[in-house]
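This briefing concerns a single protein chain and is arranged by topic. Please read it alongside the sequence and the model displayed below.

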Amino acid sequence: MTDIDRQRIERYRPRLERLLEELLALRDASAQGRAAVPLDQQSVGRLSRMDAMQAQQMALAADRQRQAQISRIRRALSQMDHGEFGYCLECGNEIPDGRLNADPAAHLCVSCAKAASG
């Protein structure tokens, strides 16, 4: 591992760890919103239940996005531990600092990310 690699890790690890901590706290705090909606129409009207189900689906979608981000961050932290952080998983080229500043969990260079999305 080069000095530049160590500097990158020192620069981005605290940011990734802080973001991971925030996402895990949000996941735990939103657990109630993802819970099953009861079918008791005596206590909750049909429209209120539909609203609750819609809110539940939105909470579940937000949780899926949060889980994906948590996985990306954990992968980046693992790459740091193995001396692979900052290199594209597809082509092996170095990921520019500008991209890592925007998204320290980025695992593809711009070229490979474009190819994967298009």
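How many salt bridges does the count come to? The count comes to nine salt bridges in this predicted model. The protein contains four helices and zero strands, and its elements follow one another from the N terminus as α-α-α-α.

**Confidence**

- The protein has a mean pLDDT of 87, and 86% of its residues reach 70 or more.
- Where pLDDT is low, the predicted coordinates should not be read in detail.

**Overall packing and surface**

- Of the 118 residues in the protein, 27% are buried.
- Among contacts with a separation of 6 or more, 57% are made by residues 24 or more positions apart.
- The accessible surface amounts to about 7,800 Å², and carbon and sulfur atoms account for 51% of it.

**Nonpolar core**

- The largest nonpolar core has 19 residues, and those touching the most other members are Leu16, Ile73, Leu77, Met80, Phe85, Cys88 and Leu100.
- Two or more residues of this core come from each of α1 (3–29) and α2 (46–81).
- Beyond its neighbours within four places in sequence, Ile73 is in contact with Leu16, Leu19, Leu20, Leu23 and Ala105.
- In soluble globular proteins, nonpolar side chains tend to be buried together.

**Salt bridges**

- Asp97 and Arg8 form a salt bridge through their side chains, with an N to O distance of 3.0 Å. This pair links distant parts of the chain, since Asp97 belongs to helix α3 and Arg8 to helix α1, 89 residues apart.
- A salt bridge of 2.9 Å (N to O) joins the side chains of Asp81 and Arg13. Asp81 is in helix α2 and Arg13 in helix α1, so this pair ties together parts that are 68 residues apart in sequence.
- Asp81 is exposed, at 55% relative accessibility, while Arg13 is partly exposed, with a relative accessible area of 22%.
- In the salt bridge between Arg72 and Asp103, the closest N and O atoms are 2.5 Å apart. Arg72 lies in helix α2 and Asp103 in the loop between α3 and α4 (110–117), and the pair links distant parts of the chain that are 31 residues apart.
- Asp103 is partly exposed, with a relative accessibility of 21%.
- Side chains of opposite charge can pair when their charged atoms come close.

**Cysteines**

- A search of the whole structure finds zero disulfides.
- Is Cys109 buried or exposed? Cys109 is buried, at 8% relative accessibility, whereas Cys91 is partly exposed, with a relative accessible area of 36%.

Terms used:
Residues are numbered from 1 along each chain as its sequence is written. This is a predicted model: local features need pLDDT of at least 70, side-chain atom pairs count only at pLDDT 80 or more; totals for chains, interfaces and linings use all residues. Side-chain values use heavy atoms; hydrogens and water are left out. Buried means under 20% relative accessible area, exposed over 50%, partly exposed in between (1.4 Å probe, protein chains only). Contact means heavy atoms within 4.5 Å. Accessible areas come from the Shrake-Rupley method with a 1.4 Å probe; for residues, only the protein chains shown count as cover. A nonpolar core is a set of buried Ala, Val, Leu, Ile, Met, Phe, Trp, Tyr and Cys residues joined through side-chain atoms within 4.5 Å. A disulfide is a pair of cysteine sulfur atoms within 2.5 Å. pLDDT is the predictor's confidence in each residue, from 0 to 100. A salt bridge is a side-chain nitrogen of Lys or Arg within 4 Å of a carboxyl oxygen of Asp or Glu.
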